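Please examine the structure shown here. A series of questions and answers will accompany it.

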Amino acid sequence: MGHLILRRIWISYLLVLREQKMTIGSTGDIALRLCTAAEIKFYFSRFVATSYLSPNKNCNMTTWNPGCEPGWACRVGLDDPIDLRNSKDMPTRTSSCHSCCAGFFCPHGLTCMIPCPLGSYCPLAELNKATSMCDPYRYHLPPGYGNHTCGGADSWADIRSSWEVFCPAGSYCPSTTKKIPCSDGHYCRTGSISEKKCFKLTSCDLNTATQNLHLHGGFLIAALTTLLIIIYNCSGHVLVIRERRNAKSREAAARSVRRTAQAHERGKATGDVVKKHAPGLQKSLSRTFSCQKAAIQPEEIIVLGQTRSEPDKGIGFSHVSQQKSYIADKTKKKGSGSPTQNKQELGDDFSLESGKNHAPEGRHMHTNSQIFKYVYGKIEREKALQLENKNLTFSGIIKMATGIEIATRPMIEVSFEDLTLTLKGKNKHLLRSVTGKIMPGRISAVMGPSGAGKTTFLNALAGKATGCKRTGIILINGMNDSIHSYKKLVGFVPQDDIVHGNLTVEENFLFSAKCRLLSGMPKADKVLIIERVIDSLGLHYVRDSLVGTVENRGISGGQRKRVNVGLEMVMEPSLLILDEPTSGLDSSSSQLLLRALRREALEGVNICTVVHQPSYSLFKMFDDLILLARGGLTVYHGPVKEVEDYFAGLGVIVPDRVNPPDHFIDVMEGTVPS
Ligand SMILES: Nc1ncnc2c1ncn2[C@@H]1O[C@H](COP(=O)(O)OP(=O)(O)OP(=O)(O)O)[C@@H](O)[C@H]1O
């Protein structure tokens, strides 16, 4: 409000200045009475700060002119030059003191006039004989000045403390001396400088200050409000119905796919075909999208041989695998161009391929039931293939696939040499000369006592280590690239949850898929990825449950952890880094999670995870182990299979009924004698 009034004063002041420029030659008197910039500055700084004016050049203990009284002003001497824009020196203003002009205010203790702000109404004051006050203002005639009359306004004020000086409600004041009644069809609030047109649903009489709502206007607003309330209440219901319908078509699709699969299983001949065409397994195992022209029908499930022998219709090559093979080729050829040029090409080709040719297979699906049939068909087929080849490893797949195009996700191998992290400003090492590599298709466990630097190590790999100085080299696929160039291929699951508690499990995955998968990817393919993740993590039963927040309890802690991991799996990463995904989970939940990770690894995903106190069976599910000791020193880095022999060679024998990884950490910590 104050800011608005100051603005209005300033506008009126400029207007007056402009007017005075024209008349100064003729009368010149008003201009000589107007406050200069220095006086206005003095008024605002002193008055606003202390609520009364302090003594100044013209009004102090020794010089107190009649112009110092409220509503009065004096002029500068006729021979004195006046510069209204001078904001430094206050002029001497003691001659010809008169009452303040209408439209101006003359404060007590200042001998000049300030224009009233636009929207105010500052007429000349009149003596009220009953109260002996100068109406409509609140000052008295000064005692001892015989010829003193009531002057003009003495103050401006904000509308709350003194509304009298403002243009009254029902009228508007285009200038500070003009007051016009508000016309029909318009309304004027207190302090208006113009009248405002009334809204269509309202009526405004003469001199009105507010708009009055018509009866039919009231009805219309009430009807709209009711409609909104109905929509609000029904939206939840509509969502529930839609959810149920989705669930029904999902179940129907799953049933139909299962029936077809069973029918095929019964045919022994089909099983023979599957075995006969095992070399095609690699291509079929791809869980990424096919570039085939025709959509896969549920009937095609299991009939791997047919799909292999009909490349146009079959399971086809994974699109992402093509990207990866392409990247691998590019990577090999990299020596031929400059590093930046090569990286640029790689990025361009990758995004180009991804956007343009991606999986037309799912594009043909429009209805939910079509999508679910397609999705469950694919998932069932993948499961069947996995059942047929239980002991298949990623390297096994690679061997089988020799000579044909490898259909996996883009591969990322990360090697690190003398990786050392030192806290900035302190000479504290968080990691010391950690050397080794983590490979695609393998799960590496990072273990060690609390505070050893496991999280720090993961952060260093993911390029998230902050506040530290890093030395040593990190190579991605043998190249000295920044991990940030591969950020679309790297998933990172932090220790703390990143789930949205107010969404259901499925909505969480949908949200992640929408944010992180290519926007041009068909809906069916996104649904396929989400369904795979739900299936892989065993989250069917809670897919429609709210994840929950601190206030609203949702799914269990273990399920929540799995959702947390699933959010990253949805983006189909090539390098998946996880910080303690199994902490707080029981053995079977941990195994379930690790089995899901194993399936990812089978597709060539490079997985590196911190794990605390795994059971022996869980420990055996990892491929490699990085064992860190306090201070970030590497104690062991190699295959899990060989760790016991390695420690036995050092004389560390694991006692009976003791979990080997626990024993090694106890030995490192010195809690058991080595
Ligand atoms: N940015 C940092 N600033 C100061 N100290 C840090 C920083 N990052 C890590 N540290 C220290 O480095 C050490 C290793 O921390 P880190 O979190 O990596 O351990 P950890 O092995 O993951 O432990 P836990 O198993 O308990 O999670 C700790 O002593 C920690 O205080």
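This is a predicted model: local features need pLDDT of at least 70, side-chain atom pairs count only at pLDDT 80 or more; totals for chains, interfaces and linings use all residues.

User: What share of the residues of the protein count as buried?

Analyst: A residue is buried if 20 or more other C-beta atoms lie within 10 Å of its own, exposed if 12 or fewer, and partly exposed in between, with C-beta atoms placed from the backbone. Of the 674 residues, the share that counts as buried is 39%.

User: Which helix gives the largest share of the shell around the ligand?

Analyst: The residues surrounding the ligand include Gly 453, Lys 454, Thr 455 and Thr 456; a residue is near a molecule if its C-beta atom, placed from the backbone, lies within 6 Å of it. The largest share of this shell, 3 residues, comes from residues 454–461, which form helix 12.

User: Why is helix 12 described as largely enclosed by the rest of the structure?

Analyst: Among the buried residues of helix 12 are Lys 454, Thr 456 and Phe 457. The helix is largely enclosed because its buried residues number 7 of the 8.

User: Which strands stand at the edges of the open sheet?

Analyst: The open sheet is formed by 6 strands in the order 18-19-20-16-21-22, with mixed pairing; two strands pair if DSSP finds at least two bridges between them. Each edge strand has a single partner strand, so one side of each is left without a neighbour in the sheet; these are strand 18 (490–493) and strand 22 (633–639).

User: What is the bridge partner of Asp 624 in strand 22?

Analyst: Strand 21 (residues 624–629) and strand 22 run antiparallel and are joined by 6 bridges. In strand 22, the partner of Asp 624 is Pro 639.

User: How far apart do the end C-alpha atoms of residues 219–241 lie?

Analyst: An unreviewed UniProt entry annotates residues 219–241 as "transmembrane region"; UniProt positions are given in the numbering used here, feature names are shortened, and annotations may be inferred rather than shown by experiment. In the model this span is 100% helix and 0% strand, and the distance between its end C-alpha atoms is 32 Å.

Note on methods: Residues are numbered from 1 along each chain as its sequence is written. Helices (H or I, at least four residues) and strands (E, at least two) are DSSP runs, numbered from the N terminus.
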